[in-house]
Amino acid sequence: MQRFLDDLKKGEKIAVIVAPAIKIAFDGNWRHALQWLRNAGVAGVYDVAYGADICTWAHLRYWEQHPDAKLMTQPCAVIVNYVLKHRPKLLENLSPIHSPMLCEVVYLRKYMNYTGKIAAISPCIGKGDEFRQTGLVQYNVTMDHLKRYFIENEINLPDIKIYSEFEFDMEPGLEGAIYPRPGGLATNLLYHNPNLEILNIEGPAN
């Protein structure tokens with residue numbers, strides 16, 4: 001968090017991609033939090049739910065080309081790390097599709113011609129490993145760190161004036177907005193292809 005803010009103050013060009021979980025983490029003040037980021041000088045604020053829509057599309061296209069493929073598909077970096085470190089035999093079954101955050105970054109780089117640095121606002125500290133391994137995101141800013149910064153610096157979010165009803169600088173996501181919910185990815189896939197056979201596993205007992 002601090003390195004992100006320090007580089008921003010130095011004039012670094014940094015865009016922010018924001019996980020849809022921010023709407024829950026900041027409740028009624030999430031637009032104010034995004035406005036604060038704009039006021040701090042970020043180059044743009046982008047909705048990761050759009051990247052989730054891309055992630056869904058990419059999985060559907062993959063299964064069209066590989067109808068017999070049996071994939072473990074999980075946007076969670078912690079699950080991927082577990083497989084890499086403790087279950088390497090499962091590597092061949094891991095989905096080749098990027099997580100929604102990285103799908104968003106690839107889209108920004110390839111189609112929006114964005115060339116600056118990128119900070120990810122997410123609920124998960126484990127995303128840092130994913131970002132270091134790929135080199136696609138330079139700052140992992142957890143929502144907990146951001147909330148703590150607001151509290152420690154006595155920033156009252158409701159006092160921040162919102163200048164636009166549009167909270168993102170590009171199209172927001174559609175179905176991808178439900179990715180943070182249990183079974184969100186499966187729900188997206190089945191919405192577009194009800195014939196897919198998907199086993200959804202949630203919780204520590206599984």
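This is a guided tour of a predicted model, stop by stop, for use with a viewer.

Residue numbers start from 1 along each chain as its sequence is written, and side-chain values use heavy atoms, with hydrogens and water left out. Because the model is predicted, local features need pLDDT of at least 70 and side-chain atom pairs count only at pLDDT 80 or more, whereas totals for chains, interfaces and linings use all residues.

**Stop 1: the nonpolar cores**

Select Phe4, Ile17 and Phe26, the residues with the most contacts inside the largest nonpolar core, which has 44 residues. Such a core is a set of buried Ala, Val, Leu, Ile, Met, Phe, Trp, Tyr and Cys residues joined through side-chain atoms within 4.5 Å. Buried means under 20% relative accessible area, exposed over 50%, and partly exposed in between (1.4 Å probe, protein chains only).

Leaving aside neighbours within four places in sequence, Phe4 touches Ile14, Val16, Leu37, Val42, Ala119, Tyr139 and Val141. Next, select Trp63, Leu185, Leu189 and Leu196, which are among the six residues of a second, separate core.

**Stop 2: Leu34 in α3**

Move to Leu34, in helix α3; helices (H or I, at least four residues) and strands (E, at least two) are DSSP runs, numbered from the N terminus. Leu34 is buried, at 0% relative accessibility. Beyond four places in sequence, its contacts are Val18, Ile22, Val45, Glu167 and Phe168. A C-alpha to C-alpha distance drawn from Leu34 to Tyr46 gives 9.8 Å, for a separation of 12 residues in sequence.

**Stop 3: helix α6 and its cysteine**

Select α6 (100–110). Eight of its 11 residues are buried, so the helix is largely enclosed by the rest of the structure. The buried ones are Pro100, Met101, Leu102, Cys103, Glu104, Val105, Tyr107 and Leu108. Their cover includes β1 (14–18), β2 (44–47), α4, β3 and α7.

Cys124 is partly exposed, with a relative accessible area of 22%.

**Stop 4: the second largest pocket**

Select Val80, Ile97, His98, Ser99 and Glu130, the closest to the centre of the second largest pocket among its 22 lining residues. Its volume is about 340 Å³. On a 1 Å grid over the protein atoms alone, a pocket is an open set of points where a 1.4 Å probe fits, with protein on both sides within 12 Å along at least five of seven lines; lining residues have an atom within 4 Å of a point. Grid points are joined across faces, edges and corners, and the volume is the space filled by probe spheres set on the points.

Colour α4 (48–65), α5 (77–86), α6 and α7 (127–134), the elements giving two or more residues to the lining. The largest share, four residues, comes from α5. By type, the lining has 12 nonpolar residues, nine polar and one charged. Here Ala, Val, Leu, Ile, Met, Phe, Trp, Tyr, Cys and Pro count as nonpolar, Asp, Glu, Lys and Arg as charged, and the others, Gly among them, as polar.

**Stop 5: two loop residues with positive phi**

Finish with Asp27, in the loop between α2 (22–25) and α3 (30–39). Its phi is near 50°, a positive value in a residue other than glycine, and Asp27 is exposed at 59% relative accessible area. Then select Asn113, in the loop between α6 and β3 (117–122). Asn113 has a positive phi of about 55° although it is not a glycine, and is exposed at 60%.

Technical notes: Contact means heavy atoms within 4.5 Å.
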